[in-house]
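Subject: Structure handover

Hello,

Please find the structure below, with notes on what was found in it.

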Number of protein chains: 2
Amino acid sequence: MSIVPKTVNPDLQKERKNATFNSEDFALWYHGGEEKLKFKRFLESYVYDDLDEGITRFQDLSHEDIFADATKNSIILAKKLRKLQTERNPGGTEIWPTLYGSPELWGAVPSGNPFSVHFSMMVGCIREQGTDEQFEKFGKRAQNFEITGAYAQTELGHGTFLRGLETRADFDRQNDEFVLNTPTISAYKWWPGGLGHSANYCVVVANLYIDNDPKGVAMFVVQVRDEQTHMPLPGVDIGDIGKKLGFAGVNNGFLGLKNVRIPRTNMLMRHSQVHRDGTFVKSPASALAYFSMVYVRCMIVRNNSIALAMAATIATRYSAVRRQSPINPNEPEPQIMDHLTQQMKLFPEIAISIAFKLASTKLWQIYDQTAEGIKRGEFSRMPELHAMACSLKALCSSYSASGVERLRLACGGHGYLASSNLPNLYSAATAACTYEGENTVLLLQVGRFLMKSYRFALTGKPLVPTIAYLQDAIKEKSVGQWTGSWNNIIKALQIAAANKIRISYENLSARLKAGQTEAEAANNSGIEYTQAAELHGNCFVAATFLEEVTGPAARGRNPALNQVLENLLELFLVSTAMRHMNELLRVINLSDADLRSLQNRLEDVLKAIRPNAVAICDGFDFHDRNLKSTLGSYDGNAYERIFAEAKASPLNKQPVPDVFEAFHEV
Amino acid sequence: MSIVPKTVNPDLQKERKNATFNSEDFALWYHGGEEKLKFKRFLESYVYDDLDEGITRFQDLSHEDIFADATKNSIILAKKLRKLQTERNPGGTEIWPTLYGSPELWGAVPSGNPFSVHFSMMVGCIREQGTDEQFEKFGKRAQNFEITGAYAQTELGHGTFLRGLETRADFDRQNDEFVLNTPTISAYKWWPGGLGHSANYCVVVANLYIDNDPKGVAMFVVQVRDEQTHMPLPGVDIGDIGKKLGFAGVNNGFLGLKNVRIPRTNMLMRHSQVHRDGTFVKSPASALAYFSMVYVRCMIVRNNSIALAMAATIATRYSAVRRQSPINPNEPEPQIMDHLTQQMKLFPEIAISIAFKLASTKLWQIYDQTAEGIKRGEFSRMPELHAMACSLKALCSSYSASGVERLRLACGGHGYLASSNLPNLYSAATAACTYEGENTVLLLQVGRFLMKSYRFALTGKPLVPTIAYLQDAIKEKSVGQWTGSWNNIIKALQIAAANKIRISYENLSARLKAGQTEAEAANNSGIEYTQAAELHGNCFVAATFLEEVTGPAARGRNPALNQVLENLLELFLVSTAMRHMNELLRVINLSDADLRSLQNRLEDVLKAIRPNAVAICDGFDFHDRNLKSTLGSYDGNAYERIFAEAKASPLNKQPVPDVFEAFHEV
């Protein structure tokens with residue numbers, strides 16, 4: 001690829017020179033301090049330095065070859081991390097397997113890692129749902145990659161409603177075994193990552209029956225392939241579910257089970273148990289079974305905020321080197337980032353990515369506190385954590401998906417090239433809208449939490465911290481005064497949220513009064529539930545962002561850096577307020593002058609961010625091999641890279657394709 | 001695929017039985033009468049009946065193999081249509097090549113037809129921009145597929161701003177030739193469909209120089225490959241630009257030219273000419289060169305409205321057969337279409353697809369009138385047509401892309417399967433947001449048209465029909481009274497549009513007064529320009545829909561059918577008003593009761609459409625081989641088809657993949 005210069009594009013050089021702050025300061029802030037940043041950089045260099053530079057070559061391959069490549073690359077990555085763990089801290093787990101799926105290393109397996117669910121879900125699930133002995137027996141082996149696993153919950157015909165799962169595990173008292181069956185096509189396990197050909201074990205979620213009596217959902221460790229030959233075991237029908245929008249390497253699989261027998265002790269029994277005599281002991285809190293899903297949802301908020309930052313980096317750098325359409329007729333074509341409409345496509349996404357990164361950190365704090373509580377047998381914080389994890393997972397996946405797409409479109413036609421890596425980032429970001437809880441289902445769950453909270457608020461019961469604003473908003477009868485300050489914008493969002501919650505509640509009550517069941521009334525209020533849940537989530541995100549920029553953490557921060565963060569906060573709050581203006585205007589009187597002033601603030605802050613946009617993205621500190629983008633590399637040699645990638649396309653290996661013969665037929 | 005039953009899913013049967021109207025009546029209306037519908041069905045059967053049933057098998061292949069398949073299938077399709085043309089009307093063109101790229105036949109080449117730009121752009125361009133002799137010489141041969149072509153305008157570094165093209169054609173007076181060059185990498189032609197390996201000629205758009213003096217942009221017919229061997233000619237560097245988000249079969253190409261010589265008479269000279277002695281004659285109206293782009297934009301409005309209807313059909317049928325999450329706890333899981341939030345995902349997209357289909361018909365009428373005018377030397381209607389084509393192209397591509405994606409997500413995880421065909425539909429729909437004029441650029445052009453119109457309105461000059469509402473709105477000082485009737489909603493949208501235009505104009509004026517150039521001021525007003533343009537386009541779409549349902553065309557229409565159309569109109573107007581409520585509330589006072597009543601209307605009309613949703617989609621009358629979807633086939637056997645497609649995946653041809661060897665390495 002000698003066509004790509006070793007120099008940095010002059011437009012990018014200029015951007016970096018003219019920034020008002022040091023992008024290294026930003027990187028230190030974003031990555032949590034010097035030690036973490038240093039290790040991150042070391043790790044990237046350790047993993048990427050000997051990988052070839054091919055940007056998205058996998059996209060040219062057949063599905064079979066993509067899968068084979070993904071498998072090989074995943075294994076190379078595993079070996080590297082394991083080696084590093086052994087060198088630095090033998091017996092520890094902080095590098096291997098903890099970092100196996102981390103966003104910094106996505107670039108090592110760009111089509112998706114067929115073994116990552118193995119670690120993110122299966123090992124964690126055995127740890128949380130299994131007894132300590134079970135973790136010793138299965139979890140440790142999985143953690144050491146001696147066996148490979150998948151987490152098999154979703155079925156072809158069944159998703160979020162777990163009780164509806166058709167897969168059943170019947171207790172055979174005589175043999176002290178469970179007998180597992182997927183009695184119909186729609187009962188087939190469908191979608192689990194790595195299940196197709198990469199796993200020889202899996203955790204199967206099934207309805208448990210004892211003497212044909214349903215006991216609810218439980219989890220079972222089931223061997224599906226021979227450990228030596230990897231052949232499917234008798235009664236096991238297993239394979240790949242076929243090509244998807246993205247994640248072609250992940251080997252999502254199907255699994256049919258026909259009278260597959262496992263020892264009773266393969267049921268994960270930390271919370272519920274089946275004794276030798278068939279006695280069933282219920283879990284003390286049924287929600288415990290969902291706790292590993294909450295974990296993954298917290299993870300999604302973080303990962304998707306990073307995916308959005310990656311796309312923003314690509315589009316922002318490209319917008320600095322691409323020149324198009326003169327602003328003044330006889331002047332040269334400007335950097336497209338100088339077009340106001342282009343700024344409007346780029347900068348709000350940068351702000352959103354940061355807002356949700358901060359929100360995810362805060363969410364992790366709540367998660368850790370809740371997990372601590374559970375260890376002590378306290379389950380009281382679970383509903384709040386569950387609601388906020390649902391809400392942020394839904395919002396972040398949805399905003400990041402539409403944001404990546406907006407950024408892709410902001411690169412014009414070239415964003416459609418696989419070599420921009422934006423299509424691949426999009427297909428990964430949007431997948432999070434449905435996996436681990438479909439977004440609308442999650443928002444409806446949040447809506448039910450909000451109705452319950454409103455009922456508490458009306459009766460003067462105390463509210464948990466993340467919804468405490470409801471109490472104030474009710475007192476103030478949902479009418480506020482607009483000043484436009486940051487605090488005031490957040491207050492306005494809270495009052496709008498409270499108002500939407502109130503309206504939903506009133507409509508729900510009216511429906512109940514009219515004779516609908518609670519469930520029917522909730523279904524008929526669904527649209528407003530989801531709107532209330534969205535506002536509620538945004539209140540949390542906005543307040544967290546404000547706290548980071550103006551609270552204790554900001555003290556002592558480099559002023560030039562904090563000024564940049566203030567601009568991003570201003571942009572986030574103004575654009576969020578404008579996006580929800582139809583709701584705001586129902587509760588707060590904004591004059592035409594107020595609205596014009598808001599538009600001016602929007603335009604002003606876009607201009608204020610303009611000179612720093614490239615430096616901010618530099619501060620995200622993505623490795624080029626992770627961005628994997630012709631448009632977004634650090635050196636900005638976009639055209640040369642597009643050119644080099646095109647020339648390297650397999651379609652161009654001969655001047656006339658073989659299929660040319662067919663031309664003569666017409 | 002014996003696993004797929006020959007019977008129709010009972011849930012779909014029930015839906016069809018319970019509809020309040022006849023879907024055949026809808027089909028007759030949608031397709032423009034009995035004769036057209038009959039021919040469409042004949043054509044589909046003629047093309048599809050002997051094609052194999054593989055739904056999206058192409059997605060499993062390598063890029064090379066996809067291209068080879070697309071080429072072969074395109075040629076099979078061409079032969080079929082040519083045969084039919086010869087049988088029915090030898091010498092005519094109404095079947096071949098006219099129908100070659102029509103939406104009904106997309107299913108024959110699902111990865112995209114590498115020869116379709118040849119017909120949609122190149123032949124048309126030679127007809128419009130070339131003299132009659134040139135059409136005889138090049139156009140006829142192209143039309144007969146004796147030569148294959150591409151339309152090469154966009155360059156690696158240059159898009160919508162044509163004057164910025166770097167490709168140059170220098171007149172060599174001595175040899176009576178043009179010498180063509182792409183002097184840099186960024187000057188390479190980039191993106192033309194079919195250019196990679198499918199074309200041996202192309203129309204090259206280049207800056208014309210005579211004695212080194214620039215004469216502006218002109219078009220040239222350039223041979224790029226040998227007609228017999230298909231080898232690139234000397235000086236021609238040509239190939240495929242590599243994998244993209246979609247359209248993997250289309251063979252988008254690059255083209256570098258180094259001192260490539262063509263006869264002077266290869267410049268297309270209908271409107272501008274270069275004489276033997278080097279005299280340059282300018283085109284009478286420079287906009288004429290853009291007229292083929294306007295044509296393609298009208299086409300996009302129609303095609304994208306149909307793509308959206310296809311996705312809506314798939315998602316709606318699937319939502320009738322998928323059962324999930326009980327509404328009442330102890331009842332069976334309902335069809336997901338019974339969830340109100342699901343209805344909100346499906347039905348507005350159905351309404352939007354119809355609204356834009358109707359708008360495209362109206363737009364074609366304006367196009368035809370304008371084209372008639374041009375023949376008489378009248379260019380006065382061109383700005384209005386141009387503005388409306390830009391506006392509707394931008395809105396329809398953008399709404400259809402986000403709509404297809406919303407519908408894809410409405411199918412949960414299974415919408416992520418390639419075999420749902422929704423990813424493929426999405427990648428096609430979203431491409432239209434950037435090709436043939438990037439959407440934001442188009443909306444900014446509309447914005448400039450709106451500013452000009454506002455200036456006219458202020459000075460009492462007459463306004464063209466599509467913007468005539470501006471005059472009224474100004475008179476009424478942009479304050480309206482809300483009644484909520486259909487007419488009133490459209491009026492409200494118009495007043496909101498006029499208000500946005502006024503604000504943009506005032507901001508523009510203030511910026512001009514502050515010393516900014518017209519161009520700078522326009523750039524700084526860009527965000528509001530695009531918002532005004534969006535409102536303006538929606539006013540046209542809404543008014544067209546209202547006219548169709550309540551105007552003369554509705555008289556005599558089957559009342560049951562018209563009731564369905566009324567419901568769709570109601571949904572379109574209510575949801576459009578709600579989407580733009582932040583703008584409406586600036587000009588019209590809606591009380592809290594008004595807003596609640598609007599929400600009630602929304603929920604009521606969703607419920608009213610619910611029993612007819614499947615029948616409406618049946619009325620779109622898409623052939624199964626065109627939908628190519630496991631989720632959306634007419635018989636509704638979704639699970640069985642997903643299952644059959646997965647089993648047929650090449651990844652499952654052996655129980656243990658070869659790459660399993662690598663497992664031992666870790």
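To begin with the contact between the two chains: 12 salt bridges cross the interface of chain A and chain B, a salt bridge being a side-chain nitrogen of Lys or Arg within 4 Å of a carboxyl oxygen of Asp or Glu. One of these joins the side chains of Arg596(A) and Glu506(B), at 2.8 Å from N to O.

Some notes on reading the values. This is a predicted model, in which local features need pLDDT of at least 70, side-chain atom pairs count only at pLDDT 80 or more, and totals for chains, interfaces and linings use all residues. Residues are numbered from 1 along each chain as its sequence is written, chains are lettered from A and ligands numbered from 1 in the order in which they are written, and side-chain values use heavy atoms, with hydrogens and water left out.

Between chain A and chain B, 58 residue pairs are in polar contact, both at pLDDT 80 or more. (A polar contact is a pair of N or O atoms within 3.5 Å; within protein, one must be able to donate a hydrogen and the other to accept it, and residues adjacent in sequence count only if both atoms are side-chain atoms.) On the side of chain A that touches chain B, helix H4 (residues 63-88) of chain A gives the largest share, 10 residues. Helices here are DSSP runs (H or I, at least four residues), numbered from the N terminus.

Each chain puts 135 residues into the contact, where contact means heavy atoms within 4.5 Å. About 11000 Å² is buried between chain A and chain B, 61% of it on carbon and sulfur atoms. Buried area is the accessible area (1.4 Å probe) that two parts lose on being put together, summed over both.

Within chain A, an automatic or database assignment gives domain 1 (1-24 + 291-665), domain 2 (32-113) and domain 3 (116-283). The C-alpha centres of domain 2 and domain 3 of chain A are 28 Å apart. Between these two domains of chain A, zero salt bridges are found, and five residue pairs are in polar contact.

Regards

Notes
Helix = DSSP H or I, 4+ residues; strand = E, 2+ residues; numbered from the N terminus.
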